[in-house]
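Here is a quick tour for someone meeting this protein for the first time. Have a look at the sequence and the 3D view, then read on.

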Amino acid sequence: MILVVGGAGYIGSHLVKELVEKEKVVVLDNLSTGHRAAVDSRAIFVEGDLGNEEDLQMIFKSYPIKAVMHFAAYSLVGESVIDPLKYYQNNVASTLTLLKIMLKNNVKNFIFSSTAATYGIPDVELIDETSATKPINPYGHSKLMVEQILADFSTSYGLQYVVLRYFNAAGAHQSAAIGESHNPETHLIPIILQQLLGQREKISVFGSDYDTEDGTCIRDYIHVTDLATAHIRALEALLTGKKEAEIYNLGNGLGYSVKEVIETCEKVTGVKANVEMADRRAGDPARLVASSKKIFEELGWKAERNLERIIADAWKWHQNQTY
Ligand code: UFG
């Protein structure tokens with residue numbers, strides 16, 4: 001049985017939908033940003049907090065957990081600058097509690113959701129796992145701190161882990177049963193699609209004077225279902241003993257500018273966007289594109305869904321959003 005912490009959230013719920021095909025799953029989520037309706041009905045759902053030792057003990061005592069996948073984090077860069085305590089408390093301190101209770105129950109396989117924000121402002125075109133990690137905000141720091149904790153726990157306690165550093169997660173399940181639903185929404189693709197649906201007046205492009213071809217920021221968008229399958233590969237690698245302590249980037253290896261994403265949304269949906277140029281948003285690196293060569297070579301995973309597919313799936317979801 002696999003414990004998925006944060007399994008009601010955007011990425012966690014997509015992983016659960018794939019994982020229930022292969023394993024028995026328990027989801028722990030406090031529903032602070034997640035949605036009960038996003039959790040596949042084949043999973044057992046426990047409402048509780050990863051920082052609460054009693055909630056965790058109850059789960060480890062009740063179910064034969066062989067691995068934990070941890071998605072339960074706050075993940076907004078801007079908010080982390082305004083309220084770093086919230087980020088260190090949940091993303092670091094509560095994760096330590098989770099790890100402590102896991103080890104107490106002799107559960108030693110762990111998959112951790114990390115982020116491109118651990119790299120800060122990269123000095124390379126294509127970021128690989130050996131690129132320098134220099135976060136520029138508390139969110140990135142909180143994730144990198146956990147990565148360090150995992151390395152130390154591996155050495156001292158025999159914890160086995162895979163860290164997955166996501167680039168820009170996007171898209172929705174192909175069934176359109178689940179998708180991205182944040183409140184407030186800050187991410188580019190849902191904002192564009194909401195505008196195309198008439199739910200927003202306009203799209204603000206944050207900065208058009210970056211050192212990129214069209215002046216807007218470049219990101220590596222990866223389909224949330226591709227992220228889910230990467231987690232399943234990582235889990236198999238841990239459970240078969242193939243891997244003990246690894247870090248992998250998860251991206252497409254392709255960068256798209258904000259303008260290109262808007263144009264692709266217009267093309268896929270056939271609707272014209274209302275766009276305005278705006279000031280830069282604080283803390284945005286000009287370009288973040290992953291090399292995912294390592295996970296391809298070692299675990300045979302690569303992203304299979306391109307930007308058009310990401311947008312087409314997200315569009316189906318946003319047209320019929322249920323939560
Ligand atoms: N953008 C706009 N207008 C908007 C929203 C976004 O122009 O209304 C731009 C941003 O400035 C950025 C790009 O679109 O250049 C993508 O922005 P998102 O907010 O969708 O995603 P980020 O790249 O900021 O954030 C993602 C993850 C974070 C992670 C970060 C790493 O969501 O969790 O990558 O830098 F920390």
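Which strands does helix α1 lie across? Helix α1 (residues 10–19) lies across β1 (2–5), β2 (25–29), β4 and β6 (160–166), and runs at about 160° to β1. Contact here means heavy atoms within 4.5 Å. Angles run from 0 to 180 degrees between N-to-C directions, with axes fitted as lines to C-alpha atoms, for helices over the stretch in contact. Helix α2 (residues 53–62) packs on the sheet too, touching β1, β2, β3 and β4; its direction makes about 175° with that of β2.

A word on the ground rules: this is a predicted model, where local features need pLDDT of at least 70 and side-chain atom pairs count only at pLDDT 80 or more, while totals for chains, interfaces and linings use all residues. Residues are numbered from 1 along each chain as its sequence is written, and side-chain values use heavy atoms, leaving out hydrogens and water.

**The seven-stranded sheet**

Helices (H or I, at least four residues) and strands (E, at least two) are DSSP runs, numbered from the N terminus. Two strands pair if DSSP finds at least two bridges between them. On that basis, seven strands make an open sheet in the order β3-β2-β1-β4-β5-β6-β11, with parallel pairing. β3 (44–47) and β11 (245–250) are at the edges with a single partner strand each, so one side of each has no neighbour in the sheet. On average, neighbouring strands of this sheet are turned by 20° against each other, direction ignored. Zooming in, β4 (residues 67–70) and β5 (residues 109–115) run parallel and are joined by three bridges; V68 stands opposite F110 in β5.

Strand β9 (residues 218–219) pairs with β12 in the antiparallel sense over two bridges, and R219 stands opposite Y256 in β12.

**Around the ligand**

R219 turns up again here: the ligand is surrounded by 20 residues, and the closest are L188, S204, R219, R281 and D284. The shell splits into 11 nonpolar, six polar and three charged residues.

| Residue | Distance to a ligand oxygen atom |
|---|---|
| S75 | 3.2 Å |
| L188 | 2.8 Å |
| F206 | 2.9 Å |

The protein covers 91% of the 690 Å² of accessible area that the ligand has on its own, by the Shrake-Rupley method with a 1.4 Å probe.

Most residues other than glycine have a negative phi, and most peptide bonds are trans. L31, in the loop between β2 and β3, has a positive phi near 60°. N183 and P184 are joined by a cis peptide bond, with omega about 0°; P184 sits in the loop between β7 (168–170) and α6.

Note on methods: A residue is near a molecule or strand if one of its heavy atoms lies within 4 Å of it. A polar contact is a pair of N or O atoms within 3.5 Å; within protein, one must be able to donate a hydrogen and the other to accept it, and residues adjacent in sequence count only if both atoms are side-chain atoms. Ala, Val, Leu, Ile, Met, Phe, Trp, Tyr, Cys and Pro count as nonpolar, Asp, Glu, Lys and Arg as charged, and the others, Gly among them, as polar.
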